[in-house]
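Hi,

Here is the structure I promised to pass on. Have a look at it first, then read my notes below.

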Amino acid sequence: MIYLDGTDISGKIEKATITMDREAPHNSIEISSFTPGLFASINPRVNPGTHRITVIHGSQSWYFLLEPPIRGDERNFSFGGRSLSAQEDELYAGRVDISLFGLSAAQREAGVVAADLLRLRSLDWRLSGSMPLPETWSFSGSPLAGVQEIAGIFGGIVRCSPTGNIIVSP
C-alpha cells in the first residue's frame, strides 16, 4: 500500500521503487503513474520537509518526504522523495556550528555529540566503546553532515531507519 497525504494511491500508480543504499544516508522512493487525477495532487511545495508519502509492506512502514522534481506531464509522470532523515539536511534543518573546546571527555563522547546535533530525528548509535572526540574538533554544516563526519572518524556509516531516524553502525 502506498499513501500520499494519508490517501491510498496504490491503484493510481504504475510502479514504485524504494532505493536503500548503504553508501547514502537516506532511502528514496520513485513513483510512476499515468493517472491525471494523481498528478493534480502531487505538489512538493505543499508542506515541504514533512511526511507526505507512506509505504506499507507487510508489517513494515517507510516514511518519505515529497520532493521536487516532478518529471513528465499529467499523462505520464514520476515523483518521489527521500526518507524523513532528510529533515536533518541543510535544506530543512539549516546549519549548526559546534566547538568542543574546553569540554570534558564525557561531554565529547561521539554518540552524545552526534545526537545533540540532530534537530528532528533521533539517533541510534551502534558503535561500541568509549569514543571521545578531540577537544579541538569543531564543525559547521548540516546536522546530518556533522553526524556523518563524526561517524567517519570512528569508521561508522550513517543510514536511516524506515521511520527516518538516524542509525550509526560499523
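What follows is a quick tour, from the whole chain down to some rings and one hairpin.

Some ground rules before that. This is a predicted model, so to speak of local features I need pLDDT of at least 70, side-chain atom pairs count only at pLDDT 80 or more, and totals for chains, interfaces and linings use all residues. Numbering starts from 1 along each chain as its sequence is written, and side-chain values use heavy atoms, with hydrogens and water left out.

The overall picture: the chain has four helices and 13 strands (DSSP runs numbered from the N terminus, H or I of at least four residues for helices, E of at least two for strands). Its C-alpha atoms fill a box of roughly 60 × 30 × 25 Å along the principal axes. Of the 170 residues, 42% are buried (under 20% relative accessible area; exposed is over 50%, partly exposed in between, with a 1.4 Å probe and protein chains only). Taking contacts (heavy atoms within 4.5 Å) between residues at least 6 apart in sequence, 58% join residues at least 24 apart.

Now the rings. The whole structure holds three aromatic pairs. For Phe, Tyr and Trp (its six-membered ring), a pair means centres within 6.5 Å; planes under 30 degrees apart are stacked, over 60 edge-to-face, and the rest tilted. Phenylalanine 39 and phenylalanine 77 have ring centres 5.0 Å apart and planes at 70 degrees, so this pair is edge-to-face. The two residues come from distant parts of the chain, 38 residues apart: phenylalanine 39 sits in helix 1 (residues 36–39) and phenylalanine 77 in strand 8 (residues 76–82). Phenylalanine 39 is partly exposed at 26% relative accessible area, while phenylalanine 77 is buried at 2%. Tryptophan 137 and phenylalanine 139 make a stacked pair, 6.1 Å centre to centre with 5 degrees between the planes, and both residues are buried. There is also an aromatic cluster made up of Phe39, Phe77 and Phe79.

Last, the hairpin. Strand 5 (residues 51–57) and strand 6 (residues 60–65) pair antiparallel over six bridges (DSSP has to find at least two bridges for strands to pair). Histidine 57 has glutamine 60 in strand 6 as its bridge partner. Two residues lie between the strands, and glycine 58 in the turn has a positive phi of about 65 degrees.

Cheers
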